[in-house]
Amino acid sequence: MTISVGKPTQASSAPMLVAIVGCGCVLPPTSYSVDRYWTNLVAGTSGISPIPPERWNRELYESSDRDAAEKTYCLLGGFIQDYRFPLEQHGPHGNQAMPESAHNRTESLAIDAALQAIRAAGYGGESLRSSRCELYIGNMLGDEALAQHSLRHRARALWQTIGPDEVQATTSQLEALKGALAAETERRFGPGNREPSAVLSSAAAPTVAAALGLECPAALVDGACASGLLVIDVAIKALLDSDLDLVIAISTMGNMGVPGNVSFAKIGGLSPDGSRPLAKDANGLIPGEGAGAFVLKALPRAIADGDRIYGVIRGVATRSDGAGKAIYAPSTRGQVAAMRAALRQARATSEDIDYLETHATGTPTGDSTEIESIVQLLQEDARTSPLVLGSGKSLIGHGFPSAGAANLLKILLSFEHEQFLPTFAADSPNPLITTHNDTLQIATAKEGWPTPLDRPRRALANAFGFGGVNSCVVVEQYSPPYHDPLAQGAAATRPEPGREALDCLAVVGASAMLPGLPARPGLPDQEEFRLARLGFEGGDPDAAKALDFALPSNRIRIPPSVLKQTDRSQQFVLAVALSALSDAGLLNARTAQDPDRIATVIGAASGLEMALERNERIRAVEYHDLVDAAAATCALPEDARSRCHDVISSYLSGGSGPTTEAALPGYMDNIVAGRAGNCFDLRGTNYVIDADFASFAAALRSARLILQNNESDAVLVGATNALTAPDVVDLWSRQVGAQLRPVEAAVALVVQRPTDLRAGQRVYGYIQVEDPTVGAQGAKVDAFTAFAADGALWVAEQLAGLRSANLGGDALRAETIMGSAFSSLGYPVKVGSTPQFAAVPELVRSAAETERATGDARSTAQTEGPWRIVGLEARNLDEVARRLPTLTDLPTSSTDGAPPPEGSHGRFRLVFAVSDDADTQSKIDCIKQVLRSS
């Protein structure tokens, strides 16, 4: 298949003008508000401190030996001091419960920052609830609550394996030990009855929305450390391409647990002594926590509403590195592509920006790669004047998903105060900056930000992440003389919401796998799907696992040592992605054709099982410590205590082995999508989206918006599940109120715009996914579930059914609403054999729809050329169905549109506006579709 660039839609060719009308934050050490953040930045107040003892026990994990198993050499972090959710500040808001009891730390930080942003935007509870809005959260690795729940659940299972034969203790000694272990387990790991919404990452977005008093669509996006700006990208697409009043974009990081620290230490990416981004002596990053939130509106709407405007986003873009070295190694190719795309959207070059807030984390390789990317960008534009660079990470650490929000917020504050802020700890800059001091400089002291003569102050913010994800935002200081004419022009020329929308997606490549049904190019037929289901629904728990799965090593080359620590979900997606891309004709050997024009969006729910295994292995020392504490309380003999330790060591002897540099990317959620990009050289955007059981529908909608905005010409869209751990299944079962049986599965589809199809190109079918709606009845979950992949399997089976279905002129195969387990959110999804099923209004309109558009059906018939009013009378819909195929012409309604005559009781009349440009059969087909969807 040859991919063409495609014609940009009217929406994508219009200038981007998005107003930031509210912002809020919670950042280290005491930046509990935007104003306090500025004060701390100006003063150089450091939020980096030793790990607080209540977060984790440093004595159990510290080692200066970087090769020591399950140990770390970094005991520093960017911590929010004495954080407590300020309920007295926010007051009762909607149906908000106290986060201390109802929400985990990650959610609490997000709620706090979002309430600040909402208040700054001037919204009260009722005005916000009555707005059409959506909420997005950028996050990675969920919250520590899941790690605690998992460890508690697994510890209790471990204690059951300790019997009299194992420890050679008396019955009374063993009973005393078991009681002491249970009590100590509860004390250390917390209660086992926390609400699933306070534990599962899939619940974060709808839970935060509910806490804000909102009943609105909400989803989590994960692009690792790029998430803070990726979430802006995703939110703006929804804002501009749907009929929304505003969107709320939040990025949050509350997970500062020891597994991430130890795993990152094995890559060598942490600093033992401090954060020094952009400095000559930078030697690693310092992990940080925090949250940032933004309320975004279309600029014309914000001006009309009289909003305070903190800044105007003129460009936002996300691009991927594609093929490269290690999955965590940065690349100038993806970084330059992302910056260039954001600038191009802003209709600017690097010559047109004054300042760049870097991603710079303080790792030598990462900082140098980013500086090289900036230099390449400046050289391409022949820039000669100095560009000011900055970073705030020396004060707050690297907040991973919240880092991009901190960067953008720092720029907005610099706009307001008209000053560049110093980059602390960079008095001796990175040698690459020194080499290019004619075009690069670092502000080392607070100084004024000059106002350009012909434009407002303008800056670029970067956020880059593992998996080769690079997100960038171009933002301007709001200037009424400059921006108001632009907004007026945009308001006058912008099409109505949905007018330029992409109606449906053409599926040109596919692959699916289930237990007993291996991945291969193309779709299994319906009988194969049926037999696979019979296999795992037969009662054998192991039958729900793809035990026969093997990564096609002849096509996908991953070292065995890396593969051992790579989650099965990542492997599953690689297998189905290989098959789907091959099926679509997009691969040359192992790499993609036209890779810059292929994006990747994968639906996945609640993290990866490898993360739970890694959590247990790294924290096994806590099991041993817990046994010692319990044994001391019940006077267990030393030899019995020693044998307890042997039981623990034996219990943990299998699995993926000691933590190495492959461990962290092996269990990071976003790498499910990132590995496909890295392996097949896909360079469009790549990320994971989590809307629990509706995740695949959310991924489809993202794919539609990407194609609609002409960012890519093809999207690898899919969903996966390899999560079968009892500790997580317990949470999901409690949430849905039924015992679930998880199934391993994965689906990948290659979708593109129907208008880009070549003559004779094979198409499996067409998918229409509408904007999410509230009011659906939530997720409909079978006992056997693949979680996020349930929706993908449904679509795959419907596409497979198109082969044998005799649809006649009716293009629709099936439709459903993919719902959430944590809210009433639902995505209407339809599958059909032709694109016409998604374009009914082009041939026929109901009278109600016609009246909504024009106010009068008769005037529509008179003024819109080929349109005329027609009517059908019948006793019931069955009679309509029988009559339609026999019609040779469609009866015209009376000229005055009068109702049926008196005495026609028991009959009803259907009125349509029909285009006479269409043939009769097409009109009939479209009327049937209107009836079906009514």
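These legends describe close-up views of a predicted model.

**View 1**
The chain has 934 residues, and 61% of them are buried. Its secondary structure comprises 35 helices and 31 strands. Among contacts with a separation of 6 or more, 81% join residues 24 or more positions apart. The exposed surface comes to about 33700 Å², with 49% supplied by carbon and sulfur atoms.

**View 1. The surroundings of isoleucine 313.**
Neighbours within four places in sequence are left aside here. Isoleucine 313 contacts Met16, Leu17, Val18 and Ile20, among others. Its partners also include Ile232, Ile236 and Leu296. Val473, Val474 and Val475 complete the list.

**View 2. The salt bridge between glutamate 186 and arginine 152.**
The closest N and O atoms of this pair are 2.7 Å apart. Glutamate 186 lies in helix α10 (residues 171-189) and arginine 152 in helix α8 (residues 144-160), so the bridge ties together parts 34 residues apart in sequence. Glutamate 186 is partly exposed, at 33% relative accessible area. Arginine 152 is buried, at 13% relative accessibility. The two side chains also make a polar contact at 2.7 Å.

**View 3. Other neighbours of glutamate 186.**
Beyond four places in sequence, glutamate 186 is in contact with Pro191 and Gly192 as well as Arg152. Arginine 156 is 30 residues away from glutamate 186 along the chain. The C-alpha atoms of glutamate 186 and arginine 156 are separated by 9.6 Å.

**View 4. The salt bridge between glutamate 797 and arginine 533.**
Here the closest N and O atoms are 2.6 Å apart. Glutamate 797 belongs to helix α31 (residues 790-801) and arginine 533 to helix α21 (residues 526-536), so the pair ties together parts 264 residues apart in sequence. Arginine 533 is partly exposed, with 24% relative accessibility.

**View 5. The buried pair of glutamate 622 and arginine 619.**
The side chains of glutamate 622 and arginine 619 meet in a salt bridge, 2.8 Å from N to O. Both residues are buried.

**View 6. A network of salt bridges.**
The structure holds 46 salt bridges. Side chains of opposite charge can pair when their charged atoms come close. One network links Arg132, Lys297 and Arg301 with Asp243, Asp245, Asp305 and Asp307.

**View 7. Confidence along the chain.**
The average pLDDT of the chain is 88, and 85% of the residues score at least 70. Over residues 495-499 the pLDDT stays under 50. The model gives that stretch four contacts beyond four places in sequence. Residues 840-865 also have a pLDDT below 50. Beyond near neighbours in sequence, residues 840-865 have 49 contacts in the model.

Key: Residues are numbered from 1 along each chain as its sequence is written. This is a predicted model: local features need pLDDT of at least 70, side-chain atom pairs count only at pLDDT 80 or more; totals for chains, interfaces and linings use all residues. Side-chain values use heavy atoms; hydrogens and water are left out. Contact means heavy atoms within 4.5 Å. A salt bridge is a side-chain nitrogen of Lys or Arg within 4 Å of a carboxyl oxygen of Asp or Glu. Helices (H or I, at least four residues) and strands (E, at least two) are DSSP runs, numbered from the N terminus. Buried means under 20% relative accessible area, exposed over 50%, partly exposed in between (1.4 Å probe, protein chains only). A polar contact is a pair of N or O atoms within 3.5 Å; within protein, one must be able to donate a hydrogen and the other to accept it, and residues adjacent in sequence count only if both atoms are side-chain atoms. pLDDT is the predictor's confidence in each residue, from 0 to 100. Accessible areas come from the Shrake-Rupley method with a 1.4 Å probe; for residues, only the protein chains shown count as cover.
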